[in-house]
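Have the sequence and the 3D view open as you read.

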Amino acid sequence: YAYYLKGFEDDWNYTGNQRSATYTNLDPGHYTFRVKASNNDGIWSDKEVALSITISPPWWETLFVKITVPVILVLVILGIFRIRFNLLKKQKEVLQRTVEVRTEELQEVNTLLEEKQEEIILQNDELLRHRNNLEELVNERTYELEKAKQKAEESDRLKSAFLANMSH
């Protein structure tokens, strides 16, 4: 017997009387197994038997998987980016609303502070006027009291002089 696996071997294998052929670890692909025999005189027959063999790749090496897995990976990555983008967009919107609310609150507080400052300025002006009036009043009173003191001292001197003249 002689056999030949087209697509794997380059030449015939002559086995003598052995009636079996073994192939292991064949790569996926298409093969043709051919067998021929000889008679007892060593004359080879013109008739061959051919068997077409197709070895399929494991599922993880199929074209479908080789195309589908990268597409799924790209879609998953795009999905993750999209989800992340949407989350960031929502966070930005929440932050913008928070900033707007806080800005309004600060503007209200600022307006109140400005009003209070105006009140304080008016009160300070009024207090300054009162102080000036009080200083004027104190100065007038001091002047009047000094005049009164001078008159009292003058009266006291006149009284002392009168009494001294009267007693002589």
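**Charged pairs and a patch**

E105 and R102 join their side chains in a salt bridge, with N and O 2.8 Å apart. That term means a side-chain nitrogen of Lys or Arg within 4 Å of a carboxyl oxygen of Asp or Glu. Before going on, note that this is a predicted model, where local features need pLDDT of at least 70, side-chain atom pairs count only at pLDDT 80 or more, and totals for chains, interfaces and linings use all residues. Residues are numbered from 1 along each chain as its sequence is written, and side-chain values use heavy atoms, leaving out hydrogens and water.

Back to our pair. Both E105 and R102 lie in helix α1, three residues apart, which is about one turn of the helix. Helices here are DSSP runs (H or I, at least four residues) and strands are too (E, at least two), numbered from the N terminus. How open are the two partners? E105 is partly exposed, at 35% relative accessible area, and R102 is also partly exposed, at 48%. For these labels, buried means under 20% relative accessible area, exposed means over 50%, and partly exposed is in between (1.4 Å probe, protein chains only).

How many salt bridges does the structure hold? There are five. Another one brings together the side chains of R141 and E144, with 3.7 Å from N to O. R141 and E144 are three residues apart in helix α1, so about one helical turn separates them. R141 is exposed, at 56% relative accessible area, while E144 is partly exposed at 43%.

Now leave the helix for a moment. E48 forms a salt bridge with R34, and their closest N and O atoms are 2.8 Å apart. Because E48 lies in the loop between β3 (29-36) and β4 (49-55) and R34 in strand β3, the pair ties together parts that are 14 residues apart in sequence. E48 counts as partly exposed at 36% relative accessibility, and R34 does as well, at 23%.

Which residues form a negative surface patch? They are E114, E115, E118 and E119. Patch residues have over 30% relative accessible area and no salt bridge; like charges are joined within 9 Å, and nonpolar side chains (Val, Leu, Ile, Met, Phe, Trp, Tyr) within 5 Å. Asp and Glu count as negative. Have a look at E119: its place is in helix α1 (residues 63-167), and it is partly exposed, with a relative accessible area of 42%.

Methods:
Accessible areas come from the Shrake-Rupley method with a 1.4 Å probe; for residues, only the protein chains shown count as cover. The place of a charge is taken as NZ of Lys, CZ of Arg, CG of Asp or CD of Glu.
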